[in-house]
Amino acid sequence: MARIAITRPVSTSIVHCELTHLAREPIDYARAVRQHEGYEAALAELACEVVRVPAAHDLPDAVFVEDVALVMDELAVMTRPGAESRRGELEAVEPVVARYRDVARIEEPGTLDGGDVLRVGRRFFVGRSSRSNDAGIEQLRALVSKHGYSVDAVDVRGCLHLKSAVSAVGKGTLLGNSAWVDRRAFGDVAWLEVDPTEPHAANALRIGGGVIYPRAYARTAALLRAHLEAAGMSLHLVDASELARAEGGVTCCSLILTDR
Ligand code: CIR
């Protein structure tokens, strides 16, 4: 069973990306490309075969492939991104996803961004955000409940996506910023709180026994490292500062799946 990470190159137009909670700052394209290469190297360290969707330089946010699809063992769901400027991203991603899974779709009036979807075992938590609406969440529920997954909507405030506020860093362990999401929504799980000086530090990408994480959040990284070491897991730090200016984190830049 091979582990696949689907990625997409940084677009030359990244500076024109969508921004919701951040002020626009210059983005160094060459540095963003180098950082993305470092991210792909971390994926390879975690035994992923990196499969690239062709670049789409006219689509500023195309690097954030997480938002346009969800991939489970049983099926894939192409989302309908909440930002209209991002809907054109699906066209080239779908055929790549379709190599590995049967594909279902979120349809109008539903909207859903993959960044709002957090999976913990057979449970999906979906952020009700400016990008994902109740119709999208209902459609997802209809598609995945027949495969034994539950879907709970969770309110998020102050950040773009649910996974800006909380992400999974181990079996049943979440890393979160409780100023942006109510941890009680997730029931009985272990919760690591981000350092209060690092509100953006809750987005981590767990792949098997490793976690990819931005080097910039040094205090939260120290906490996370101690937790992972105790659990026999590894921490893989990457530079992700340029894509952070585009309001993206480490989960956003890949779709992880198993090829059977
Ligand atoms: C957007 O606003 O859509 C992009 N600039 C950032 C998307 C980040 N994606 C993610 O957190 N899953």
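One definition before we start: buried means under 20% relative accessible area, exposed over 50%, and partly exposed in between, with a 1.4 Å probe and protein chains only. This is a predicted model, in which local features need pLDDT of at least 70 and side-chain atom pairs count only at pLDDT 80 or more, while totals for chains, interfaces and linings use all residues. Residues are numbered from 1 along each chain as its sequence is written, and side-chain values use heavy atoms, leaving out hydrogens and water.

**Stop 1: the loop with Glu 247.** Select Glu 247, in the loop between helix 6 (241–244) and strand 15 (255–259). Helices (H or I, at least four residues) and strands (E, at least two) are DSSP runs, numbered from the N terminus. Is Glu 247 buried or exposed? Its relative accessibility is 16%, so Glu 247 counts as buried. Check the backbone too: phi of Glu 247 is positive, near 70 degrees, in a residue other than glycine.

**Stop 2: Ala 47.** Move to the loop between helix 1 and strand 2 (48–52), where you will find Ala 47. Ala 47 also has a positive phi, of about 65 degrees, although it is not a glycine. With 54% relative accessibility, Ala 47 counts as exposed.

**Stop 3: Pro 109.** Next, go to the loop between strand 5 (103–105) and strand 6 (117–120), the place of Pro 109. The peptide bond from Glu 108 to Pro 109 is cis, with omega near 5 degrees. Most residues other than glycine have a negative phi, and most peptide bonds are trans.

**Stop 4: Ser 13.** Select Ser 13 in the loop between strand 1 (2–7) and helix 1. Ser 13 counts as buried because its relative accessibility is 13%. Leaving aside neighbours within four places in sequence, Ser 13 is in contact (heavy atoms within 4.5 Å) with His 57, Asp 58, Leu 59 and Pro 60.

**Stop 5: the largest nonpolar core.** A nonpolar core is a set of buried Ala, Val, Leu, Ile, Met, Phe, Trp, Tyr and Cys residues joined through side-chain atoms within 4.5 Å. Colour Ile 14, Leu 43, Phe 64, Ile 212 and Leu 243, which touch the most other members of the 23-residue largest core. Helix 1 (29–45) and strand 12 (205–207) are the elements that give two or more residues to this core. Helix 1 supplies the largest share, four residues. Apart from this core lies another, of 17 residues, among them Ile 4, Val 96, Tyr 100 and Leu 257.

**Last stop: the whole chain.** Zoom out to see six helices and 15 strands. Of the 260 residues, 53% count as buried.
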